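Me: I would like to learn how to read cores and helix contacts in a model. Can we work through one?

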Amino acid sequence: MPVMVQALVPVFALIVLGHLFRRWAFPSVEFWPQAERFTYYVLFPAMLVFKLGQARLPASAYGETALLIGSMLLAMTLVLAVTQFFWRWSGPVFSSVYQGAIRFNSYVGLAAGGMLLGDDGLSLTAIAVAVMVPLINLLCILMFSLVTTDGPARLGPVLRAIASNPLIIGSVLGVIWSYFEIGFHPLLAGTLEPLSNLALPMGLMTVGAGLQLKALRGGSVPFVVSSVLKLLLFPLMATGLAVLLGLNGTLVQVAVVLATLPTATSAYILARQLGGDAPLMAGIISGQTLLAMVSIPLMLSILW
């Protein structure tokens with residue numbers, strides 16, 4: 001437990017620091033949205049290429065990762081369908097509950113995976129992220145099409161967004177680099193390594209800068225249900241599925257870490273664009289991020 005706390009405290013300290021800096025308008029109000037774009041489009045892809053490109057993972061790791069991640073997402077979707085059967089929320093409310101219970105914050109996940117499990121854990125986490133991002137986006141778009149009243153969501157733009165997602169592109173390039181054992185010329189490594197080192201701290205601070213604490217006022221049943229499913233049930237489910245599939249080792253630890261994560265900030269954008277309950281989504285994102293500071297070490301200490 002002390003080792004786990006030592007690894008996770010810096011993760012959440014950087015999130016809090018980013019939130020405080022944004023509240024203090026330091027270095028400026030305009031800085032943080034641009035910092036998030038720079039992190040998303042430059043720093044994280046550079047880190048994924050550099051870290052994955054150096055990894056030497058067995059070929060079986062890719063198939064096992066896809067199998068476990070896909071099973072986790074489908075199982076949680078079934079649980080959410082049963083939940084909706086009992087609560088019968090409106091379409092916009094359920095779409096936010098769904099996103100809150102199934103999405104994950106990749107910045108926090110990559111940081112936690114690297115700090116807890118080292119470079120091999122970071123490489124497996126990156127592969128899992130590359131699998132989860134397109135599957136989650138497709139599932140969320142399908143759910144919006146089924147439950148919202150603003151007409152069917154268009155799949156084409158979503159597929160284009162997935163294909164151009166910097167995290168997916170960086171992961172795919174890194175896997176190709178690793179598979180063919182291309183290696184990094186000292187000049188290229190000298191450029192990518194400092195960018196890679198900057199990615200996680202900057203990513204975590206932008207997570208904190210994006211928190212909307214005012215959205216937590218008037219907590220609701222959908223917020224509570226979504227948070228319990230995401231932060232408590234999902235890690236238990238990931239562990240159970242890993243046992244059923246006969247998987248073990250670092251992959252299972254990575255899956256549990258990802259399952260414990262708070263939902264992604266990108267869920268708010270999707271809620272606004274596709275007719276979801278955006279204020280509820282903002283509250284779920286901010287509330288889960290704060291709750292995760294307690295739930296992640298708690299769940300990992302139980303399940304690892």
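Predicted model: local features only at pLDDT ≥ 70, side-chain atom pairs only at ≥ 80, totals over all residues.

Reply: Residues are numbered from 1 along each chain as its sequence is written, and side-chain values use heavy atoms, without hydrogens and water.

Me: Which residues have the most contacts inside the largest nonpolar core?

Reply: A nonpolar core is a set of buried Ala, Val, Leu, Ile, Met, Phe, Trp, Tyr and Cys residues joined through side-chain atoms within 4.5 Å. Buried means under 20% relative accessible area, with a 1.4 Å probe and protein chains only. Here the largest core has 93 residues, and Met-72, Leu-110 and Leu-116 have the most contacts inside it. Helix H5 (residues 106-147) gives the most, 22 residues. Helices are DSSP runs (H or I, at least four residues), numbered from the N terminus. Another core, of 6 residues, lies apart and includes Phe-184.

Me: Is Ala-61 buried or exposed?

Reply: Ala-61, in helix H3 (residues 60-87), counts as buried because its relative accessibility is 9%.

Me: At what angle do H3 and H9 cross?

Reply: Axes are lines fitted to C-alpha atoms over the stretch in contact, and angles run from 0 to 180 degrees between N-to-C directions. The axes of H3 and helix H9 (residues 221-244) come within 10 Å and cross at roughly 140°. Contact means heavy atoms within 4.5 Å. Among the residues making this one are Met-72 of H3 and Phe-234 of H9.

Terms used. Buried < 20%, exposed > 50% of the residue type's maximum accessible area, 1.4 Å probe, protein only. Helix = DSSP H or I, 4+ residues; strand = E, 2+ residues; numbered from the N terminus.
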